[in-house]
There are 2 protein chains.
Amino acid sequence: MSPREEQDTVHPHQPAYSDEPTRVRQLVSEFLTDQSGTSLGGDGLEVRLTAGADARDDCAVYDLSSPMSLVVGSDYVRGPKFVLYELGLLSGFDIGYYLAVANISDIAAMGATPIGLLSVVRYPHEVDDAEFREVMAGIHQGCTDCGTLNVGGDIGNAERIILSATAFGVCKPGSALMRSGARPGDLLCVTGPCGLLGAAVAYFPRRDTFAKALPEEVERRLLDGWKRPRARVAEGRVLGTKSYATACQDTSDGLKATVEQIMQASGVGFRVYEDDVPVDPAVAMVADLMGAEPLALAMSASSDFQLAFTIDAGDLEKCRAEFDLAGLDFFVVGEATNTGRAESVNGLGAVRPLPGVAWKHQKSDISLLVTDPVED
Amino acid sequence: MSPREEQDTVHPHQPAYSDEPTRVRQLVSEFLTDQSGTSLGGDGLEVRLTAGADARDDCAVYDLSSPMSLVVGSDYVRGPKFVLYELGLLSGFDIGYYLAVANISDIAAMGATPIGLLSVVRYPHEVDDAEFREVMAGIHQGCTDCGTLNVGGDIGNAERIILSATAFGVCKPGSALMRSGARPGDLLCVTGPCGLLGAAVAYFPRRDTFAKALPEEVERRLLDGWKRPRARVAEGRVLGTKSYATACQDTSDGLKATVEQIMQASGVGFRVYEDDVPVDPAVAMVADLMGAEPLALAMSASSDFQLAFTIDAGDLEKCRAEFDLAGLDFFVVGEATNTGRAESVNGLGAVRPLPGVAWKHQKSDISLLVTDPVED
């Protein structure tokens with residue numbers, strides 16, 4: 001047996017490690033077949049994947065036959081610091097799925113149709129073939145559920161698990177949704193409740209310190225946000241194709257940070273109607289346990305992938321009808337102002353700065369919400 | 001002073017750490033200005049960067065006004081295992097520069113013009129603001145020297161330094177150079193000597209174990225391959241635009257691995273003329289010190305960014321003339337055969353399997369070349 005053949009042999013009762021190109025290729029090839037020749041794009045945009053991951057070339061190749069706008073973005077996903085993965089609450093499949101959706105969400109936020117994902121998956125020797133394959137399977141499924149393909153990237157060894165990706169998409173020329181177009185008087189909308197993923201991170205690591213655990217179905221709902229997040233591709237396409245949204249961004253930093261960022265990019269202010277912000281019951285239950293205000297937890301740092309957008313009040317009815325027709329939903333939660341400030345107002349007319357803790361890398365700490373903080 | 005203002009203040013005599021978005025933005029903004037509105041593409045391809053990194057949106061946006069092929073690829077660059085960086089021989093600027101060129105090289109290998117790079121730079125607390133800024137400056141310079149722009153990506157904290165990127169480029173519809181087009185009888189060519197970067201990795205970590213060090217100018221040449229690698233964009237464009245190359249790949253895995261990969265993709269064999277393979281004098285000197293064969297070291301695992309390509313013999317003269325006109329060069333080093341084997345032949349007609357150790361992730365070991373191995 002040559003040294004090469006020895007490397008290629010998987011012993012059935014031993015974990016097998018995947019840092020040898022030939023074996024890695026065998027492991028992942030089932031997720032990368034039959035791509036070349038696929039038509040992508042939609043909305044009259046002519047996009048054909050000429051050489052996908054199955055072509056195993058230096059790059060993937062697309063033929064673009066009509067004028068269009070191309071949007072591209074990259075997001076790294078915390079590897080070892082993925083706290084719920086470390087706690088054993090998320091599988092390799094889950095974090096692969098999350099990586100794909102987190103990146104495709106940025107394409108959705110531009111109102112574009114995703115045409116592909118490049119994934120970077122590096123992993124240490126302790127990660128065996130089965131776990132590695134699960135991560136790749138999760139990326140594959142995340143792409144499939146968003147109607148797109150994992151067209152390649154980089155796989156190999158590293159000291160710690162590293163997950164990063166790049167997504168790209170296309171839209172009609174000039175129709176990409178920016179953060180900078182909100183005007184005073186526009187309505188502020190969001191496609192669904194925020195804060196679920198942040199609430200999960202606030203809850204699970206300190207679960208044993210609470211007086212009692214949440215019911216199993218609530219815990220499952222909290223985890224589902226991480227396990228099967230949804231990129232709002234369909235919503236983004238409605239908003240972009242018809243130019244309904246004057247500004248748009250995904251809520252991957254939490255709703256408060258998102259509103260503040262649209263505010264800064266557009267040079268406006270925002271007033272949020274506190275009673276109109278949808279709060280997921282699971283988020284409210286975690287807030288109760290923490291002794292925090294539900295609205296504040298819902299608006300804080302949280303890797304949700306809702307879309308926050310602004311719309312001219314005159315377009316609201318048409319946009320709502322189109323969403324309804326497609327089985328989609330959104331909530332009007334405030335309005336753009338000319339104050340340059342982000343504030344909220346309750347049913348009694350009391351105005352305050354936006355509640356919650358905005359995401360600022362490692363400086364943000366959800367425990368700031370807690371009136372009676374739990375030590376970790 | 002508010003907590004936010006405190007975070008934003010850089011104390012002159014203390015290292016400052018960069019994981020706070022506002023400060024990071026200030027640190028890198030000098031590299032990301034005045035992008036939006038730039039025309040890119042060339043060769044009659046109409047590409048306009050509508051929203052670059054300066055737009056600070058979810059994604060960068062390009063308007064593509066004519067039919068074209070789009071090529072995309074991602075490469076992770078070893079962070080902590082970047083051995084020459086760990087030895088203090090490469091600076092933060094150098095590894096940033098390398099990250100950009102390594103990724104743009106894949107675009108060059110497709111015969112395409114790079115239109116942008118997305119960079120992922122994550123770093124631990126021990127990396128201070130000055131070092132982080134150097135990495136970003138290196139990425140910026142690498143892009144500039146390749147005629148393209150760093151249009152965004154991901155910046156933030158991690159346990160170890162992580163460098164990854166995605167490059168994308170465009171070429172005339174259908175003109176992307178694949179690995180799969182080589183035909184028996186085609187000539188095998190390479191744009192320059194290979195093995196310099198591998199020789200540097202073979203030399204510096206065991207420098208003190210050799211009888212004597214190499215002269216300073218040779219050491220400088222070995223390091224220069226890592227410090228200022230060059231993506232062969234101009235060469236790729238000549239090969240792609242005029243369809244000279246029947247197959248093309250960059251030599252980032254070393255020449256032996258590259259020849260084997262083109263062979264597999266094209267379903268041919270290759271015969272390399274040993275006397276015609278250019279060997280850099282610095283590589284030969286390292287091989288002598290190691291007791292290895294210079295040609296074997298030149299063809300082994302090495303992150304060079306030359307282009308290896310095949311060409312119909314009838315096109316050689318025209319292609320050579322066009323390279324000359326542009327001040328570019330290449331070497332004919334062999335020919336494609338129908339044997340399905342990669343072998344080399346010396347001046348005496350002796351045939352053997354291709355010399356050298358091909359790159360196979362962590363399984364490749366340059367010390368296999370050494371007849372009298374030096375222990376590390």
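This is a predicted model: local features need pLDDT of at least 70, side-chain atom pairs count only at pLDDT 80 or more; totals for chains, interfaces and linings use all residues.
Good morning. I begin with Asp58 of chain A. Sequence neighbours within four places aside, Asp58(A) is in contact with Gly73(B), Asp106(B), Ala109(B), Met110(B), Arg179(B), Cys248(B), Gln249(B) and Asp250(B).

Where in its own chain does Asp58(A) lie? Its place is the loop between strand S2, residues 45–51, and strand S3, residues 60–64, of chain A. The side chain of Asp58(A) also makes a polar contact with the side chain of Arg179(B), at 3.3 Å. Is Asp58(A) buried or exposed? Asp58(A) has a relative accessible area of 11% and is therefore buried, the cut-off for that term being under 20%.

The unreviewed UniProt entry gives "binding site" for Asp58(A) and Asp106(A).

That brings me to Asp106(A), which lies in helix H4, residues 92–109, of chain A. Because its relative accessibility is 7%, Asp106(A) counts as buried. Setting aside neighbours within four places in sequence, Asp106(A) is in contact with Asp75(A) and Asp250(A), and with Asp58(B) and Cys59(B) from chain B.

H4(A) packs with helix H5, residues 129–145, of chain A at an angle of about 35°, and their axes are 6 Å apart. The crossing of these two helices, H4(A) and H5(A), is right-handed. Which residues of H4(A) meet H5(A)? On the H4(A) side they are Gly92(A), Phe93(A), Gly96(A), Tyr97(A), Leu99(A), Ala100(A), Val101(A) and Ile104(A). On the H5(A) side, the residues they meet include Glu131(A), Val135(A), Gly138(A), Gly142(A) and Asp145(A). By class, this contact between H4(A) and H5(A) has 10 nonpolar, 5 polar and 3 charged residues.

I return now to the annotated positions. UniProt, again in an unreviewed entry, places the feature "binding site" at Gly153(A), Asp154(A), Arg179(A) and Ser252(A). I shall take two of these in turn.

Gly153(A) is found in strand S6, residues 150–157, of chain A. With a relative accessibility of 38%, Gly153(A) counts as partly exposed. Residues up to four places away in sequence not counted, Gly153(A) touches Leu118(A) and Ser119(A), together with Ser74(B).

Arg179(A) is found in the loop between strand S7, residues 162–171, and strand S8, residues 187–190, of chain A. Its relative accessibility is 13%, so Arg179(A) counts as buried. What does Arg179(A) contact, neighbours within four places in sequence left aside? Among its contacts in chain A are Ala247(A), Cys248(A), Gln249(A) and Gln261(A). From chain B, Arg179(A) is in contact with Arg56(B), Asp57(B) and Asp58(B). The side chain of Arg179(A) makes a polar contact with the side chain of Gln249(A), at 3.4 Å.

Arg207(B) is found in the loop between helix H6, residues 196–203, and helix H7, residues 216–227, of that chain. Its relative accessible area is 31%, and Arg207(B) is therefore partly exposed. Apart from residues up to four places away in sequence, Arg207(B) touches Ala213(B) and Glu219(B). How far apart in space are Arg207(B) and Leu289(B), C-alpha to C-alpha? They are 9.8 Å apart, while in sequence 82 residues apart.

Thank you for your attention.

Terms used. Residues are numbered from 1 along each chain as its sequence is written. Chains are lettered from A and ligands numbered from 1 in the order in which they are written. Side-chain values use heavy atoms; hydrogens and water are left out. UniProt positions are given in the numbering used here, feature names are shortened, and annotations may be inferred rather than shown by experiment. Helices (H or I, at least four residues) and strands (E, at least two) are DSSP runs, numbered from the N terminus. Buried means under 20% relative accessible area, exposed over 50%, partly exposed in between (1.4 Å probe, protein chains only). Contact means heavy atoms within 4.5 Å. A polar contact is a pair of N or O atoms within 3.5 Å; within protein, one must be able to donate a hydrogen and the other to accept it, and residues adjacent in sequence count only if both atoms are side-chain atoms. Axes are lines fitted to C-alpha atoms, for helices over the stretch in contact, and angles run from 0 to 180 degrees between N-to-C directions. A crossing is left-handed if the near helix is turned anticlockwise from the far one by less than a right angle, and right-handed if clockwise. Ala, Val, Leu, Ile, Met, Phe, Trp, Tyr, Cys and Pro count as nonpolar, Asp, Glu, Lys and Arg as charged, and the others, Gly among them, as polar.
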